Amino acid sequence: MNEKPTSDALSLRDAEILFRPFHSRKLELPTRIVMPPMTRGFSQDGVPGDHVAAYYRRRAENETGLIITEGTFIEEPAASPCANYPNFYGGRALRGWKKVAEAVHATDCRIMPQLWHVGMTRPFTGDIPNPHCHPIGPSGLELNNFRQVTEPMSHAKIEEVIEAFARAAQNAKKLKFDGVEIHGAHGYLIDQFLWEETNRRTDEYGGGIFERTRFAREIILAVRRAVGREFPIIFRFSQWKINHYNAKLARTPDELRELLLPLSEAGVDIFHCSTRRFWEPGFEGSPLTLAGWTKKITNKPVIAVGSVGLDCTFDETFRERESNPAADSLNQLIQRMQSGEFDLIAVGRALIADPAWAAKIHAGRDKEIRVFRREDLQTLH
């Protein structure tokens, strides 16, 4: 076990804000700590087994307030890039997810599935479901050099995907999950519609920022119709994309407003603002983070995320860096939460390494925390 304090100056009194209950009109959580979606790849043939249920329960019984599952795939043939990533359709997979929800609900934690389609990031070959199906996207562009490699999605295919998101959300409600998260981040399908580099369409799904939100808006509206008015919907978005870490959906606060308000009006209850380091300013000239700007613009609850509790940061190849800009991240987190900049904080890799991370922070046992290392990705602690 690697033992290292997460923050030498962290006091129990200050940390208590992380463990206050969260209340909104549609969702109540016992603490402000969220486990965000993190792909694990331990669901053989797309079916989560008892080991997956136990993995989530270990976090739930250690003061995590909300678990958002690893990305789960909607029922569209090209949605998934790997046979061992979990589906959210079909009898076997849904029975597995029912056991996961029951395991988490044996504690006071809440749980939601993240609904996902990878779009043009799906490979053409390899260990993929439905290998005869090519990746799909708004303009058929691969994400490295933006070359067109498939045909743009037809209107019929767009409608099929929208309906698949709605069915998955309806399944989540039937299985007694506490809401759903729609994955609109990181360069995957929905984000490919939002991003001007990957959306070159000239119909109603392309154009300016507002027009490019149409696909996401229609998914949100369809999900809302499927689950009713009181079932919580979280929408995850990001500026950065896989292999494009400096990408921007919105270059200014005004552009962010033009992006987020249509999604908010369509039915998003909580925004999950994915950044690589939660404390970094959202825009030049202001100390406010992306989560802070999102709350200011939408007046909706927000989840911040990015390098919380890590004893070092990692680049896209997970090569350890010598510098440690995250060393004081917990103190920054507490200060920003006390100021009302965001409502909930997602703890990712730190919770992969140590399922009791939250409980140890709360008890002042931070010196006992198992620090994340790359090899932790190879097992379910």
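Predicted model: local features only at pLDDT ≥ 70, side-chain atom pairs only at ≥ 80, totals over all residues.
View 1. Helix 8 spans residues 253-266, 14 residues in total. From its first C-alpha to its last it reaches 20 Å, close to the 20 Å expected at 1.5 Å a residue. After helix 8 comes Gly267, which has a positive phi near 140°.

**View 2. Buried residues of helix 8 and their cover.** Leu256, Leu259, Leu260, Pro262, Leu263, Ser264 and Ala266 of helix 8 are buried. The elements covering the buried residues include helix 5 (189-194), helix 6 (209-212) and helix 7 (214-227). Strand 7 (233-238), strand 8 (270-274) and helix 9 (290-298) are also among them.

**View 3. Packing of helix 8 with helix 9.** The two axes come within 9 Å and cross at roughly 60°; helix 8 and helix 9 are therefore oblique to each other. The crossing is right-handed. On the helix 8 side, the residues that meet helix 9 are Pro253, Leu256, Arg257, Leu260, Leu261 and Ser264. Their partners in helix 9 are Leu290, Trp293, Thr294, Ile297 and Thr298. Leu256, Leu260 and Ser264 are also among the buried residues of helix 8.

View 4. Eight strands, in the order 3-4-5-6-7-8-9-10, close into a barrel with parallel pairing. From one strand to the next, the twist averages 25°. Strand 8 runs parallel to strand 9 (residues 302-305) and is joined to strand 9 by four bridges. Phe271 stands opposite Val302 of strand 9.

**View 5. Helix 7 against the strands.** Helix 7 lies across strand 6 (180-183) and strand 7. Relative to strand 7, helix 7 runs at about 165°.

Definitions and conventions: Residues numbered from 1 in each chain as written. Heavy atoms only, no water. Helix = DSSP H or I, 4+ residues; strand = E, 2+ residues; numbered from the N terminus. Expected span 1.5 Å × (residues − 1). Buried < 20%, exposed > 50% of the residue type's maximum accessible area, 1.4 Å probe, protein only. Contact = heavy atoms within 4.5 Å. Pairing = 2+ DSSP bridges. Axes fitted to C-alpha atoms, helices over the stretch in contact; angles between N-to-C directions. Parallel < 35°, antiparallel > 145°, perpendicular 65-115°, else oblique. Left-handed = near helix turned anticlockwise from the far one by under 90°.
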